[in-house]
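Reader: I would like to learn how to read a fold from its coordinates. Can we take one model and go feature by feature?

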Amino acid sequence: MLFPTTIAGSLPKPEWLAEPNKLWAPWKPTGPDLVRAKRDATILAVKIQEDAGIDIVTEGEQARQHFVHGFLEAVDGIDFANKVEMGIRNDRYKAMVPQVTAPLRLKGRVHEFEALIARAHTGNKIKFTLPGPMTIIDTIADRFYGDRVKMAFAFAALLNQEALALQADGIDMIQFDEPAFNVYMSEAADWGVEALQRAAEGLTCATAVHICYGYGIKANTDWKETLGAEWRQYEQIFPAIDKSPIQQVAIECRNSKVPLDLLSLLPNKIVQAGVIDVASDQVETAEDVCATLEAVMKHVPKSNIIATTNCGMAPMFRDIAEAKLVALGAGAELARQRFG
Ligand code: ZN
């Protein structure tokens, strides 16, 4: 089937789980109620994707507060009590971040709970997202390893441990989110892709990397203003990714200033093309989705294209996010009729 559909990863959380339209929103229920609420929200996230015609669904990242810290909470060797201020993404944001103070080790499983719930409630393929090693080390302070690359590879080993376990849970695709790749392009090419390979070592399920220009939050839209008319960062990293065994690349294409001809630098990859803008509340039409797929088809063979969202939808309004899912499903179907 042409143009199978998926989403970048996250969906907004229901208001009974956490405050909507907010990153890092605190949980509303506590204790056993929180566990049940996360379970219910995960089932709901799967259901609305299925109903919208999404082929490769996710658990909507309903059980984690943030895409990086959801992983870090399960890691030993991190001091969460004493956070320090750090400039992240090359000082685009200031954030209070935890510190690595001892050798890193997983306390146990990280995402088994929500992976098994999603697996039990859908017959569709499931994608599961994990933060990439370079993005993790850009979000945490180092007081132990004394070397960014060494710390990244320590995290990569832990990511690999969890990725293999998710595969055993029945997950069909592991996607590593590496928004840091288009901020530190030469480091990404020097060792970032290699660290990613370490994280994906031994996986037999599908593997993907999502690189992006971020959610539609103000710090990101301001940063994008500084990037000029054409966003060519990918030019420096795509050749390294294309040579790697990571099978798929997920990037934004809708309302994006990424020149789509850069996609021709990925002849050996399946491209997950973002056809839904998550930085705008305007809901795409099926025709809009179809037009973006047609533009991508000029640079990527149509059999190698998956239709997805530009980025996670966590900070969006629920109704808008759901309408965008429907547009994604309908637009991919229209494209199948038109170009099949
Ligand atoms: Zn993204």
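Author: In α1, the buried residues are Ala37, Lys38, Ala41, Thr42, Ala45, Val46 and Gln49. Buried means 20 or more other C-beta atoms within 10 Å of the residue's own; exposed means 12 or fewer, partly exposed lies in between, and C-beta atoms are placed from the backbone. Helices (H or I, at least four residues) and strands (E, at least two) are DSSP runs, numbered from the N terminus.

Reader: What should I know about the model itself?

Author: It is predicted: local features need pLDDT of at least 70, side-chain atom pairs count only at pLDDT 80 or more, and totals for chains, interfaces and linings use all residues. Residues are numbered from 1 along each chain as its sequence is written.

Reader: How do I read the spacing of a helix's buried residues?

Author: An α-helix has 3.6 residues a turn, so residues three or four places apart point the same way. Here, the buried residues of α1 pack against β1, α3 (112-120) and α10 (318-339). Contact means C-beta atoms, placed from the backbone, within 7 Å.

Reader: What length does α1 span, and what is expected?

Author: The expected span is 1.5 Å times one less than the number of residues. Helix α1 covers residues 31-51, 21 residues in total. From first C-alpha to last it reaches 31 Å, close to the 30 Å expected. Gly53 follows α1, with a positive phi near 85°.

Reader: Now the sheet. What is the strand order?

Author: The open sheet has 7 strands in the order β1-β4-β6-β7-β8-β9-β10, with parallel pairing. Two strands pair if DSSP finds at least two bridges between them. β1 and β10 (305-309) stand at the edges, each with a single partner strand, so one side of each has no neighbour in the sheet.

Reader: Is β8 buried or exposed?

Author: In a regular strand the side chains alternate between the two faces of the sheet. For β8 (residues 248-252), 5 of the 5 residues are buried, so the strand is largely enclosed by the rest of the structure. Gln248, Ala250 and Glu252 cover one side; Val249 and Ile251 cover the other.

Reader: And the nonpolar core?

Author: A nonpolar core is a set of buried Ala, Val, Leu, Ile, Met, Phe, Trp, Tyr and Cys residues joined through C-beta atoms within 7 Å. The largest one has 97 residues; among those touching the most other members are Phe155, Ile174 and Leu328. Helix α5 (residues 148-168) gives this core its largest share, 9 residues. Beyond its neighbours within four places in sequence, Phe155 contacts Leu104, Pro133, Ile136 and Ile137.

Reader: Which residues does Val68 touch?

Author: Val68 lies in the loop between β1 (56-57) and α2 (69-72). Val68 is buried, with 21 other C-beta atoms within 10 Å. Not counting residues up to four places away in sequence, Val68 touches Pro131, Thr135, Ile136 and Thr139.

Definitions and conventions: Two residues are in contact if their C-beta atoms, placed from the backbone, lie within 7 Å.
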